[in-house]
Amino acid sequence: MEENIMDKKEFIKKMKEMLQKRLGEDYSVAEHSQVKNNKNLLSGLVIQRTGTDLGMVIYLDKFFEEYQKGNTLDEIAAALYKKIGEAEIPEELSGDYLKELVRSYEAAKPMIFCKLVNEKANRELLQGVPYFPFLDLAVIFYIMVAETNSEQMAITIDNKIMELWGIDSQQLYQDTIYHMKTNVPQQLQNLNDIVEGFMDEEEKKIFQEIIKKEKENCETTEELYCLQNSSKFGATSLLYGDTMAKFAEQVQCDLLILPSSIFEVLLYPDNGSRDYEELQDMVQTINQVEVSREDQLSNSIYKYDRMTRKISIVYQGEDI
């Protein structure tokens, strides 16, 4: 443990000094804070290569938690230095290249994806970006510029970019959904199969036995299914519902949709006896206990009607 425990502000200042010393004159290091999804304020550092407008942001909130748990400043600085090296931005992503993406819709179009966020929790953000209302959510758009190892570089599409492109929101939405249907199609998987994927053989045997007993003791055998796509924000798979339509026909009933997070949603066949309030309580509890605020989508329960092929809010949850 450090002799004198710092607060977050002091910690960020110290990390800035230590990283600047390690990186040398080839880089500049500056403090940075930003309001992210659901009004979640994150604090960190901007690392920028000297003489260029290329850079990366490292948020330090989780590293500060590690410091509070006992990790030393030297250990954290070393981890951050390694992270910067692993996420080095390719030099071909020059300022001219990024400017061309912002100026030209045709150049950017193959790299545009969308993201679902909670509408009420992001009202300030939505004032400056093109978006589409969807249930109690909003669809926003971004340009995925590059992926380096586990890091991703993206540009949120705002109203200024839309003015430069000279297109309307309807065209942006239609083009993006068409692109995503082709390049990041929906993926539907039994949640039990996903859980088993993280288990060793002995754990799988125990888990399968538990599931078998549950089915024997219950009148219904319906299970939870995970719906996502391979984009960073897989819950957007809700916006193109071909897989849901096929699945609803397969089980011959409507589907309840539990908004697990911005990364995926859960589907639950609705056999007519579901307690919507109980399910909503479960979703809200999971959000509060298991899902970080930045990754939460909604506390509401949605329903896919297999006859109309439309999604609606079947039980309104509390604000996130």
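A charge sits over a ring if NZ of Lys or CZ of Arg is within 6 Å of the ring centre and within 35 degrees of the ring normal. Arg22 meets this rule over the face of Tyr81, at 5.7 Å from the ring centre. The structure is a predicted model, in which local features need pLDDT of at least 70 and side-chain atom pairs count only at pLDDT 80 or more, while totals for chains, interfaces and linings use all residues. Residues are numbered from 1 along each chain as its sequence is written, and side-chain values use heavy atoms, with hydrogens and water left out.

**Rings and charges**

- The charged end of Arg274 also sits over a ring, that of Tyr268, 4.1 Å from its centre.
- A search of the whole structure finds nine aromatic pairs (rings of Phe, Tyr and Trp, the last by its six-membered ring, with centres within 6.5 Å; planes under 30 degrees apart are stacked, over 60 edge-to-face, the rest tilted).
- One of these pairs is Phe113 with Tyr142, which is stacked at 6.1 Å centre to centre with 25° between the planes.
- Phe113 belongs to strand E4 (residues 112-118) and Tyr142 to strand E6 (residues 137-148), so the pair ties together parts that are 29 residues apart in sequence. Helices (H or I, at least four residues) and strands (E, at least two) are DSSP runs, numbered from the N terminus.
- Phe113 is buried at 14% relative accessibility, and Tyr142 is buried at 6%. Buried means under 20% relative accessible area, exposed over 50%, and partly exposed in between, with a 1.4 Å probe and protein chains only.
- Ring pairs link Phe113 and Tyr142 with Phe233 and Phe263 in a cluster.

- Strand E10 (residues 254-258) is mostly covered, with five of its five residues buried.
- In a regular strand the side chains alternate between the two faces of the sheet.
- In E10, Asp254, Leu256 and Leu258 point one way, Leu255 and Ile257 point the other way, and all are buried.
- E10 pairs with strand E11 (residues 265-270) in the antiparallel sense over five bridges; two strands pair if DSSP finds at least two bridges between them.
- A hairpin of six residues joins E10 to E11, and Asp254 stands opposite Asp270 in E11.
- E10 also runs antiparallel to E12, to which three bridges join it. Leu255 has Tyr304 in E12 as its bridge partner.

**Loop residues**

- Glu294 is in the loop between helix H12 (276-289) and strand E12 (301-305), and is partly exposed at 22% relative accessible area.
- Leaving aside residues up to four places away in sequence, Glu294 touches Lys36, Asn37, Asn38, Asn40, Leu42 and Ile262 (contact means heavy atoms within 4.5 Å).
- Leu135, in the loop between strand E5 (132-134) and E6, has a positive phi near 60° although it is a residue other than glycine. Leu135 is partly exposed at 26%.
- Gln252, in the loop between helix H11 (242-251) and E10, is not a glycine but has a positive phi of about 60°. Gln252 is partly exposed at 49%.

**Cysteines**

- The search of the whole structure finds zero disulfides (a disulfide is a pair of cysteine sulfur atoms within 2.5 Å).
- Cys114 is buried at 0% relative accessible area, and Cys226 is buried at 4%.
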